[in-house]
Amino acid sequence: MQNGVRRQDQEPHKTQSSHAAYAPPPIIQYFEVELKFIKVFVKAHKAEVDEIESEYLVEVPREAKGVKISLIPKDGCSNEEYDKACDLFIDLYQQMTQAMKMERFSLKSGKNVVRARSKIQEMSKMFPVCVEVSRDQRHWELYGEERHLEAALEFLRKEEIEIKRESGKENGAGEFQDSRHDEEAMDVDPPGSQSKDPLETYIG
């Protein structure tokens, strides 16, 4: 296990080859990842991922099924190329996770809530960030590298969406705090809340 990335070997990937000499196919390696992190990863580092795929003849899934992800070797991918691709993927993923931060925010008022939700959803598609509704359903949680978080929040400011930042630079607590609960990423509306809490008007 390397800095939160668990590496597991599985059965060799079966590929067809027209060569007379038998070359053992690469052994598929599985890595445990955070679902929200992998969503950010493939958007924030698209160029690097594309380069790994092109140079080493592998396919990097754009999302994880469960908590595991694996690089899939393409035809012609050697054991050496596959291992190198996996090493590069791990290094890049770990660099990103170390730079990840979380910003919690809510709307300052209940005015124009529908437009605000729409702009938050638009923001989540425009920038390499992940937006989730907090466990208490009173805030949104924005995950990403700091420069991307600030760019995303600046977009909301320019769109005149007034928010209250509950963490990050305004409170002097910009470090990412790991969230272990499993909530749906990119779900801008709190799921199924019928609470009469006044804050429900803002994000519910």
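Author: A salt bridge here is a side-chain nitrogen of Lys or Arg within 4 Å of a carboxyl oxygen of Asp or Glu. The structure above is a predicted model.

Reader: By this rule, how many salt bridges are there?
Author: Each pair has to meet the 4 Å cut-off between nitrogen and carboxyl oxygen. Counted that way, the salt bridges come to eleven.

Reader: What is the overall make-up of the chain in helices and strands?
Author: The chain has 204 residues, and 41% of them are buried. Take contacts between residues at least 6 apart in sequence: 70% of these join residues at least 24 apart. As for its elements, the chain has six helices and nine strands.

Reader: What is the mean pLDDT of the chain?
Author: A pLDDT of 70 or more is reached by 71% of the residues. For the chain, the mean pLDDT is 78.

Reader: Over residues 15-20, how many contacts does the model have beyond near neighbours in sequence?
Author: In this stretch, residues 15-20, pLDDT is below 50. Where pLDDT is low, the predicted coordinates should not be read in detail. Beyond near neighbours in sequence, the contacts of this stretch number three.

Reader: And for residues 168-204, how many contacts lie beyond four places in sequence?
Author: Here too caution applies: pLDDT stays under 50 over residues 168-204. Beyond four places in sequence, the model's contacts for this stretch number 77.

Reader: Are α1 and α3 roughly parallel or roughly perpendicular to each other?
Author: Two packed helices are described by the angle between their axes and the distance between the axes. Helix α1 spans residues 35-44 and helix α3 spans residues 79-99; their axes lie 10 Å apart, at an angle of about 110°. Angles of 65 to 115 degrees count as roughly perpendicular. The two helices are therefore roughly perpendicular.

Reader: How do the residues of the contact of α1 with α3 divide by class?
Author: From α1 come Phe-37, Ile-38, Val-40 and Phe-41. From α3 come Phe-89, Leu-92, Tyr-93, Met-96 and Thr-97. By class, they are eight nonpolar, one polar and no charged.

Reader: Are α2 and α3 roughly parallel or roughly antiparallel?
Author: The axes of α2 and α3 come within 10 Å and cross at roughly 170°. Angles over 145 degrees count as roughly antiparallel. The pair is therefore roughly antiparallel.

Reader: How many charged residues are in the contact of α2 with α3?
Author: On the α2 side are Glu-48, Ile-52, Glu-55 and Tyr-56. On the α3 side are Glu-81, Lys-84, Ala-85, Leu-88, Phe-89 and Leu-92. Six of the residues are nonpolar and no residue is polar, while the charged residues number four.

Reader: What is the N to O distance in the salt bridge of Lys-46 and Asp-50?
Author: Both residues lie in helix α2 (residues 46-56), four residues apart, about one turn of the helix. Lys-46 is partly exposed, at 49% relative accessible area. Asp-50 is also partly exposed, at 27%. Their side chains meet with an N to O distance of 2.7 Å.

Reader: Is Lys-119 buried or exposed?
Author: Lys-119 and Glu-122 both lie in helix α4 (residues 113-126), three residues apart. Their side chains form a salt bridge at 3.2 Å, N to O. Glu-122 is partly exposed, at 30%. Lys-119 has a relative accessible area of 17%, and the cut-off is 20%, so Lys-119 is buried.

Reader: Which residue meets the side chain of Glu-145 in a salt bridge?
Author: Glu-145 sits in strand β8 (residues 140-145). At 6% relative accessibility, Glu-145 is buried. Its contacts, leaving aside neighbours within four places in sequence, are with Ala-44, His-45, Met-96, Ala-99 and Met-100. The salt bridge of Glu-145, 2.8 Å from N to O, is with Arg-147.

Reader: Is Arg-147 buried or exposed?
Author: The relative accessible area of Arg-147 is 52%. The cut-off for exposed is over 50%. Arg-147 is therefore exposed.

Reader: What is phi of Asn-112?
Author: Asn-112 is in the loop between β6 (100-107) and α4. The residue is exposed, at 59% relative accessibility. Phi is positive although Asn-112 is a residue other than glycine, with a value near 55°.

Reader: What is the phi of Glu-160?
Author: Glu-160 lies in the loop between α5 (146-158) and β9 (163-165). With a relative accessible area of 67%, Glu-160 is exposed. Glu-160 is not a glycine, yet its phi is positive, at about 60°.

Terms used: Residues numbered from 1 in each chain as written. Predicted model: local features only at pLDDT ≥ 70, side-chain atom pairs only at ≥ 80, totals over all residues. Heavy atoms only, no water. Axes fitted to C-alpha atoms, helices over the stretch in contact; angles between N-to-C directions. Parallel < 35°, antiparallel > 145°, perpendicular 65-115°, else oblique. Contact = heavy atoms within 4.5 Å. Nonpolar A, V, L, I, M, F, W, Y, C, P; charged D, E, K, R; others polar. pLDDT = per-residue confidence, 0-100. Buried < 20%, exposed > 50% of the residue type's maximum accessible area, 1.4 Å probe, protein only.
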